[in-house]
Structures are given as C-alpha cells and as structure tokens.
Amino acid sequence: MSEMKTKRTSVVIVGAGIGGVRAAQVLAEQDVDVTIIDRNNYQLFPPLLYQVSTAVLAESEIAYPVREFFRSHPNVNFYLGEVQDFDTDNQTVITDHGNVDYDYLIVAAGSTTNYFGMKSVEQHAFPMKTMTEAIAIRNQIIRCLERAEQEPDEAKRRELLTFVCVGGGPTGVEEAGAISELIYKSMRRDYHKLNFDEVDIKLMEGTDRVLAMMPEKLRNRTVSILQQKKVDVRLSTAVVDYDGHTIKLKSGESIPTQTVIWAAGVKASPIMSKLGTEAIRDGRINVQKNLSVKGLVNVYAIGDCACFIQQEGERPLATVAPVAMKEAELCAANIIRRMQGASQEVFSYKDRGRDGNNRPRSSSPAFRQHQYDRVLCLVSLALGSSFQAGWYLCQPDRFTEMDVELPAQYKTFPHSHQPLS
Ligand SMILES: Cc1cc2nc3c(=O)[nH]c(=O)nc-3n(C[C@H](O)[C@H](O)[C@H](O)COP(=O)(O)OP(=O)(O)OC[C@H]3O[C@@H](n4cnc5c(N)ncnc54)[C@H](O)[C@@H]3O)c2cc1C
C-alpha cells in the first residue's frame, strides 16, 4: 500500500536581515517548511557598519552566514536571489534565479537610502546601508589620503581631505566621530608627509539639532564632543546638490569635497511597491494590527519595510532592530495560529523608554534614563570608538571595550566586497 505524504505548509521569508532571521528562528521549531530568500547569504549587523567604513572592524565581524543559524533545522532553507516581483494571486515570489511558491509570505525586506529626490546626490554621494557601501567608504577615505599626500596643489589637496557626513542622526554622528578617530589618531601615524591641519571633517544637519530624539543637554554635549574631535558641526544646513567635487548648500555656499557620506534618511526597500497595495510615506507598507497586509491573502510584512501605527494619531513605529525582532516573533506566532485555526494576536510594542502607565515620553523617568544612556553611548562612540554597541544601544552594561589600535589589514587598499551573483 502506497503511503501518502502530505506536503508541509511552506512559509517564505523575503529578507535575511534582523526581522527575517528572527521569524525563521521561531518558525524553525514548528512543523513547517521555511525558505529565506536574500540577495546576500549573510545576515548583516547594520549598527556597526560605520566601524567597517572606518577600518575598525572587518566585514566578517558584522556579517553571519544565514545557513549557519539553521544548521540543526533541516526544515529551514536559504535561497540566494534578488526578489524582483510578487505574484500574490498565485502565491509566488519571483526572483532573478527562479520563482518560489508559498502558503504564507513574510516580507522583511528592510529599507534603503532616501535621497529625497536629489538625483545628483544619489549619483555621487556615498550611502551606508550595505556592506558593499561601507567598504566603498573605507576605500574612498584611504584613497583620498593616498592621493592627497602626493598632490602638490593645495586646493585639490583640500578637496581630497574634506569629508562631509550629511544627517545628524545616530549614523551621521557616529560616522563623523569615527572618521575623526581614523584620520587624526590612526592615519596620522602612517602618513608622514600629510599636513593634517588641512583635513576638514564636517557633519551637516538640515534641522537645528543633532540626535533630535535626545534631551537638549545631551544634544549639546554631543556637539561639543564632536567639535573637540575637530568635526565642524553645521546645523540648519540643507544640501541641495553634489557633483562629486563640490557640495552645494541651500544657503548658496559651495564646499569642494570628493567625499560626501549620506546618512540623512531611509525609505522602504523598493520591492515593496511590487506588492501592489497601499503604501504610505517612505514606501513602507501599511500593516494591520496582526501584521498582515490588508487585501492580500496570507501575506505579512515586518521591520523597516512595514508601517505599523500602534495608536491612532501616533507616528509609525521606528525603523529600529528591536521593533523588527518583536514584529518577527508575533508574525511567526500568528502564522502558526492561523494554521491551527486560532484567532490572531494583535501586535503591541512597548518602548523601553515608556513607563508602565504609558505616560508621555518627556515625563517618564525611565525614558529619560534610557535616552541618557543612549546618548552616553553615542558620545562614547564619537569619542574614540572605545565602545562596541550591541543590539540594545540603550544598555550600557552590554558594551565591551575595544582596542583603539586598528588592525593593519583593514587599512589595505583597495579592498573589495562583491555580493555573490
Ligand atoms: C548604519 C545603520 C545603523 C543602525 N543602527 C541601529 C542601532 O544602533 N539600533 C537599532 O535598533 N537599529 C539600528 N539600525 C536600524 C536597524 O538595522 C534596522 O531597523 C533593522 O535592520 C531592520 O530589520 P529588517 O529585518 O526590517 O531589515 P534588514 O535587517 O535591513 O534586512 C533586510 C534584508 O532584506 C534583503 N533584501 C532587501 N531587498 C531584497 C530583494 N529585493 N531581494 C532579496 N533580498 C532583499 C536585504 O539584503 C537584507 O538582508 C541601523 C541601521 C543602519 C543602516
């Protein structure tokens, strides 16, 4: 008698980032087949990209092979490919290496750099969202130092030695501080003929404050520490154009520079537009209270590419790692519940800074402590890469001290990192 083998439910996850891998880890324990699709075969740890871009860490230190997470879970498989489209009627994900069918789909495709429509900036500035981009920044900084040491013309030398970070959020602040560390502390010892007084590191922010979510006292302290590190902090400074040699500001000022690092904003992965449903600002897709996508059958979205509004009138949840992980856990649980015919759970995110009564952030002592710790960490990072941030940037007890001396091999040039094809 032939034995009938029933096909297991198939869950496909697009994106092996913070949210995607967490969802797969939860589903790995269940009686389902999981396929994770990503264009890279590693999970990236974005909070430390800036350290790769400034030669403090090697790429292998912030990337982990996806398959290794699931060695002991044969029901979880990885599929290398660039997702190009979705056929939600036929429950298929279309990639550049074939199609993958699903019973349930979790889209965790993350975000990409937002240039706010400035094509010239997009063409010439350096973004910092991927490993390839962080390594391109590292190569660029080292290339500029090498070229500047040989350049007899002072104006050209200064163009090579001017490094502009745009965006006064955590990434821009960290990057500007880390470039200062790299150049003034480490490279100063190696480039004997270079006049380091000609180096000019700038941090530009369109609003009147860096780290907008922090209390004023700590914002001011951050600026003062950056200034001590010879970073020229320019607030209320909007960039309007960049041609690879000169950055133009809204004020009319032009600054010659070959290096503009763009950390001014993110938007959802472009693949979200292929889902063909209602998207809101920055391309993030609206998700319902159970994290499913309205109008689509068995499709969920989590993390940076999803827009979850907890309470009417509130801003969407922030694009940060803890949100992506918590959403991943509930989304995976809801898929299992749906398979079992149980009712769906509603996602609820409790900010570590809010108190038990959900009082406004500004009146919450817990929030103030949380923000204080977070700024202390950022200031420490800006001070000299002396701390390594963990997943929870707000928990100082999770930081470990790092050696300030940079490993020589990270300073080699050129250094390439190409995604697998
Ligand atoms: C420089 C930087 C610093 C940050 N610092 C912090 C921090 O200190 N604390 C914090 O909480 N958060 C931080 N974040 C934000 C945090 O990294 C994100 O919120 C988190 O990674 C979101 O997880 P995700 O799963 O939604 O997306 P991601 O982790 O970005 O994963 C998305 C995955 O989808 C894949 N993908 C996208 N499109 C396709 C496609 N078409 N085909 C195939 N694969 C695709 C990508 O390759 C990627 O692996 C930082 C982000 C950056 C860029």
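Strands β7 (residues 92-95) and β8 (residues 98-101) run antiparallel and are joined by four bridges. Strands pair here if DSSP finds at least two bridges between them. Helices (H or I, at least four residues) and strands (E, at least two) are DSSP runs, numbered from the N terminus. Threonine 95 has glycine 98 in β8 as its bridge partner. Two residues lie between β7 and β8, and the two strands form a hairpin. The model is predicted: local features need pLDDT of at least 70, side-chain atom pairs count only at pLDDT 80 or more, and totals for chains, interfaces and linings use all residues. Residues are numbered from 1 along each chain as its sequence is written.

β7 also pairs with strand β6 (residues 83-87). That pairing is antiparallel too and has four bridges. Aspartate 87 stands opposite threonine 92 in β7. β6 and β7 form a hairpin with four residues between them. Glutamine 91 sits in the loop between these strands. Its phi is positive, about 55°, although glutamine 91 is not a glycine. Most residues other than glycine have a negative phi. Glutamine 91 counts as partly exposed because it has 19 C-beta neighbours inside 10 Å. Burial follows C-beta counts, with C-beta atoms placed from the backbone: a residue is buried if 20 or more other C-beta atoms lie within 10 Å of its own, exposed if 12 or fewer, and partly exposed in between.

Leucine 291 likewise has a positive phi, about 80°, and is not a glycine. It lies in the loop between β20 (285-286) and β21 (299-301). With 24 C-beta neighbours inside 10 Å, leucine 291 counts as buried.

Tyrosine 79 belongs to strand β5 (residues 76-80). It counts as buried because 20 C-beta neighbours lie inside 10 Å. Leaving aside residues up to four places away in sequence, tyrosine 79 touches Thr35, Ile36, Ile37 and Val100. Contact requires C-beta atoms, placed from the backbone, within 7 Å. Tyrosine 79 and threonine 95 are 16 residues apart in sequence. Their C-alpha atoms are 9.7 Å apart in space.

Three further strands form an open sheet in the order β15-β16-β17, with antiparallel pairing. β15 (239-242) and β17 (254-256) stand at the edges with a single partner strand each, so one side of each has no neighbour in the sheet. From one strand to the next, the twist averages 20°. Angles run from 0 to 180 degrees between N-to-C directions, and axes are lines fitted to C-alpha atoms, for helices over the stretch in contact. β15 and strand β16 (residues 246-249) are joined by three bridges. Aspartate 241 stands opposite lysine 248 in β16.

A parallel pairing links strand β13 (residues 200-204) and β14 over four bridges. Lysine 202 stands opposite aspartate 232 in β14. Side chains alternate along β14 (residues 231-234). Val231 and Val233 point to one face and are buried.

The ligand has 36 residues around it, of which Gly15, Gly17, Gly19, Gly110 and Gly303 come nearest. The elements that give two or more residues to this shell are α1 (18-27), β2 (33-38), α2 (49-53), α7 (170-186) and α9 (321-339). A residue is near a molecule or strand if its C-beta atom, placed from the backbone, lies within 6 Å of it. The shell divides into 21 nonpolar, ten polar and five charged residues. Ala, Val, Leu, Ile, Met, Phe, Trp, Tyr, Cys and Pro count as nonpolar, Asp, Glu, Lys and Arg as charged, and the others, Gly among them, as polar. Domain 1 (10-113 + 267-339) and domain 2 (119-264) each supply at least three residues to the shell. The domain bounds come from an automatic or database domain assignment.

α1 is mostly covered, with eight of its ten residues buried. The buried residues of α1 are Ile18, Gly19, Gly20, Val21, Arg22, Ala23, Ala24 and Leu27.

Over the whole chain there are ten helices and 24 strands. Of its 421 residues, 38% count as buried. Among contacts between residues at least 6 apart in sequence, 62% join residues at least 24 apart.

Technical notes:
Contact = placed C-beta atoms within 7 Å.
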